[in-house]
Amino acid sequence: MSRPKHIGEHLKPSDGPLKQMTERAKELTVLDKALTDSLGEPLSQHCRLANIRGSTAIIRTDSPAWSARLRYELPRLLSVLNQHYANATLTHIDLRVERPR
């Protein structure tokens, strides 16, 4: 059985899971900002990039009505997100309604 790693080993800036999570969070933040900047008011207040899985961007809206409005923007949003996403080409956007808590 292997010994548990010291917390310092997980926090190394050069490698490790924390670095990967931090880089992923930064990447998603940049993409979310590009999304909200391109949408403008009031739509940007009701939509957020939730995640990227493979070639699919997952966008969360806070009601079905905002999802319906966002559907008209999907082709343009794919282009905007692809301009800011260096890892791959996004080909699909999945809209999900998640009501605010």
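Among contacts in the chain between residues at least 6 apart in sequence, what percentage join residues at least 24 apart? The share is 55%. The views below come from a predicted model.

View 1. Start at the N terminus and read along: the elements run α-α-β-β-α-α-β. The chain has 101 residues. Of these, 33% count as buried.

**View 2. Helix α2 packs with helix α4.** Helix α2 covers residues 17–39, and helix α4 covers residues 74–84. Their axes lie 9 Å apart. The packing angle is about 140°. The crossing of α2 past α4 is right-handed. From α2, the residues that make the contact are Leu 31, Ala 34, Leu 35, Ser 38 and Leu 39. From α4, they are Arg 76, Leu 77, Val 80, Leu 81 and His 84. Sorted by class, this contact has 7 nonpolar residues, 2 polar and 1 charged.

**View 3. An open sheet is formed by 3 strands.** The strand order is β1-β2-β3, and the pairing is mixed. Which strands stand at the edges? They are β1 (47–53) and β3 (92–97). Each has a single partner strand, so one side of each is left without a neighbour in the sheet. Neighbouring strands of the sheet are turned against each other by 25° on average, direction ignored.

**View 4. Strand β1 pairs with strand β2.** Strand β2 spans residues 56–61. The two strands pair in the antiparallel sense. Their pairing runs over 6 bridges. Look for Ile 52: its bridge partner in β2 is Ala 57.

**View 5. Helices α2 and α3 lie across strands of the sheet.** Helix α2 lies across β1 and β2. Relative to β1, α2 runs at about 140°. Helix α3, residues 64–71, lies across β1, β2 and β3. Relative to β3, α3 runs at about 165°.

**View 6. Leu 74 is a residue of helix α4.** Which residues does Leu 74 contact, leaving aside its neighbours within four places in sequence? The answer is Ile 93 and Leu 95. Now find Asp 94. Along the chain, Leu 74 and Asp 94 are 20 residues apart. Their C-alpha atoms are separated by 9.5 Å.

How values were computed. Residues are numbered from 1 along each chain as its sequence is written. This is a predicted model: local features need pLDDT of at least 70, side-chain atom pairs count only at pLDDT 80 or more; totals for chains, interfaces and linings use all residues. Side-chain values use heavy atoms; hydrogens and water are left out. Axes are lines fitted to C-alpha atoms, for helices over the stretch in contact, and angles run from 0 to 180 degrees between N-to-C directions. Helices (H or I, at least four residues) and strands (E, at least two) are DSSP runs, numbered from the N terminus. A crossing is left-handed if the near helix is turned anticlockwise from the far one by less than a right angle, and right-handed if clockwise. Contact means heavy atoms within 4.5 Å. Ala, Val, Leu, Ile, Met, Phe, Trp, Tyr, Cys and Pro count as nonpolar, Asp, Glu, Lys and Arg as charged, and the others, Gly among them, as polar. Two strands pair if DSSP finds at least two bridges between them. Buried means under 20% relative accessible area, exposed over 50%, partly exposed in between (1.4 Å probe, protein chains only).
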